[in-house]
Amino acid sequence: MKLRKALTITGLFFIILIVLGELLLPPVVESALESRLSQKFSTPHVEVELSASPRLKLLLGRTDSLKVTVQDGQVGQLRVHEMALSGRNTVFDFGAFSEGRLALSQAEALSLTVMFDENGLREALARKISKADNVEVHITDDNVLVTADTNLLGHKAQLSLVGHIVADDGTLYFDTDQFDIQNSPFGTARLGDTLGRIALVKPEQLPLKMRIVSVDQQEGSVLVRAGEE
């Protein structure tokens with residue numbers, strides 16, 4: 001009788017553990033991931049949705065589906081308005097996670113979309129263009145117009161850049177088409193594309209080291225899509 005009673009209690013204990021695990025695991029894991037990603041992207045606006053059946057698979061870092069949404073986050077040089085990541089049959093690398101990094105050892109159908117606006121691009125270019133003040137950015141379907149003030153030999157001059165956003169070998173760039181300086185001590189100077197390319201986001205700065213595959217410029221914003229390496 002005592003043995004049967006002990007086995008019954010033990011069985012009930014394990015059933016309770018399984019039930020609690022099924023109920024509590026997703027919120028606990030989602031909260032842990034949100035905390036890590038909030039640090040990585042410098043924003044509190046992170047939402048993580050995980051699904052797994054049975055849910056105890058989450059203890060092994062396995063999910064059936066993964067969805068992550070980030071708002072007003074920092075990715076590389078860019079402050080992005082919104083970022084959305086999704087994937088299926090993912091397996092987390094717990095070693096990397098313990099070091100504060102989000103990495104997957106396995107995933108299917110990984111997809112990432114990032115949208116940034118004129119303010120995000122303005123902040124990035126203001127850091128990249130030396131000694132520039134009052135930087136303004138206007139994005140259209142065809143190009144990006146950047147204007148700024150600068151000081152040349154004690155004279156206040158105006159910079160004007162025309163370019164566009166491109167992806168090349170997985171990196172996101174601002175590609176300069178025309179660079180002009182007005183009201184300089186030497187008059188107006190047309191310097192062509194001498195600024196070249198300004199790197200905004202590199203592959204290693206993307207979640208899970210994905211690579212940028214397409215860029216779509218729209219009025220006032222840019223939509224970037226990335227996929228698996």
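**Confidence**

Averaged over the protein, the pLDDT is 80, and 78% of the residues reach 70 or more. Confidence is highest in strand β12 (residues 221-227), with a mean of 93, and lowest in strand β9 (residues 187-190), where the mean is 51. Over residues 11-24 the pLDDT stays under 50, and for this stretch the model has eight contacts beyond four places in sequence. Where pLDDT is low, the predicted coordinates should not be read in detail.

**Salt bridges**

Side chains of opposite charge can pair when their charged atoms come close.

| Salt bridge | N to O distance |
|---|---|
| R79 and D72 | 4.0 Å |
| D149 and K156 | 3.9 Å |
| R197 and D168 | 2.7 Å |

In the pair formed by D149 and K156, D149 is buried, because its relative accessible area of 16% is under the limit of 20%, whereas K156 is exposed, because its value of 55% is over 50%.

Salt bridges that share partners join D168, R197 and D175 into one network.

R197 has a further neighbour of note, for it lies over the face of Y173, at 5.0 Å from the ring centre. As for pairs between aromatic rings, a search of the whole structure finds zero of them.

**Two residues with positive phi**

D72, a partner of R79 in a salt bridge, is found in strand β2 (residues 62-75). D72 is not a glycine, although it has a positive phi of about 55°. With a relative accessible area of 41%, D72 is partly exposed.

N89 lies in strand β3 (residues 78-92), and its phi is likewise positive, with a value near 50°, in a residue other than glycine. N89 counts as partly exposed, at 32% relative accessibility.

Strand β6 covers residues 144-152 and contains T150. Is T150 buried or exposed? T150 counts as buried, because its relative accessibility of 7% falls under 20%. Leaving aside residues up to four places away in sequence, T150 touches S130, K131, H155, K156, A157 and L159.

Strand β7, made up of residues 155-168, contains L161. L161 is buried, with a relative accessible area of 1%. The C-alpha atoms of L161 and T147 are separated by 6.4 Å, although these two residues are 14 residues apart along the chain.

Terms used: Residues are numbered from 1 along each chain as its sequence is written. Side-chain values use heavy atoms; hydrogens and water are left out. Helices (H or I, at least four residues) and strands (E, at least two) are DSSP runs, numbered from the N terminus. Buried means under 20% relative accessible area, exposed over 50%, partly exposed in between (1.4 Å probe, protein chains only). A salt bridge is a side-chain nitrogen of Lys or Arg within 4 Å of a carboxyl oxygen of Asp or Glu. pLDDT is the predictor's confidence in each residue, from 0 to 100. Contact means heavy atoms within 4.5 Å. Rings of Phe, Tyr and Trp (its six-membered ring) pair if their centres lie within 6.5 Å; planes under 30 degrees apart count as stacked, over 60 as edge-to-face and the rest as tilted. A charge sits over a ring if NZ of Lys or CZ of Arg is within 6 Å of the ring centre and within 35 degrees of the ring normal.
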